[in-house]
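Please consider the following model with attention to its charged pairs and its open space.

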Amino acid sequence: MIGKSLDDAKSWVQKAVSFYRIHGKEKSLAEFSNPEGLFRQEEMYIFAMTLSGIVVAHGIDQEHIGRDFCEISDYNGKKYFVEVVEIANSEGSGLVEYWWINPSSHHIEPKELYFEKVQDLIICSGVYL
């Protein structure tokens, strides 16, 4: 994410969690999935998944909705969303690093994902390191 830091991702997720608590699940998931909404800025976006890893909102790619992200592996073969689900369910929030193609540089780079559990969802955002 151009010029974005891990603190930006944390702040972004915390804003999304606050929005969720104020507006409820249905309105929040619609807003998180709106590519022109409150939770999309340049390359930064929010996505949300169930406590088992099924995507229920995605800020840039609607085709991910309904997909089991626990089946995804990064460029090193790491199933990083399995870690996200485990940490969210046991600790409530956390960070997971993985390798993904950066759409700005077109190179495989490390990316850090910050996430928080809120009720029956995991709300996430990430930045390239």
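Asp120 counts as partly exposed, at 36% relative accessibility; the term covers values between buried, under 20% relative accessible area, and exposed, over 50%, with a 1.4 Å probe and protein chains only. Asp120 forms a salt bridge with Lys25, their closest N and O atoms being 2.8 Å apart; such a bridge places a side-chain nitrogen of Lys or Arg within 4 Å of a carboxyl oxygen of Asp or Glu. Because Lys25 lies in helix α2 (residues 25–32) and Asp120 in the loop between β6 (108–118) and β7 (121–128), the pair ties together parts that are 95 residues apart in sequence. Helices (H or I, at least four residues) and strands (E, at least two) are DSSP runs, numbered from the N terminus. Lys25 is likewise partly exposed, at 35%.

The model is predicted: local features need pLDDT of at least 70, side-chain atom pairs count only at pLDDT 80 or more, and totals for chains, interfaces and linings use all residues. Residues are numbered from 1 along each chain as its sequence is written, and side-chain values use heavy atoms, leaving out hydrogens and water.

A search of the whole structure finds two salt bridges. Lys78 pairs with Glu83 in a salt bridge whose closest N and O atoms are 3.4 Å apart. Lys78 is partly exposed, with a relative accessible area of 28%, and Glu83 is partly exposed at 30%.
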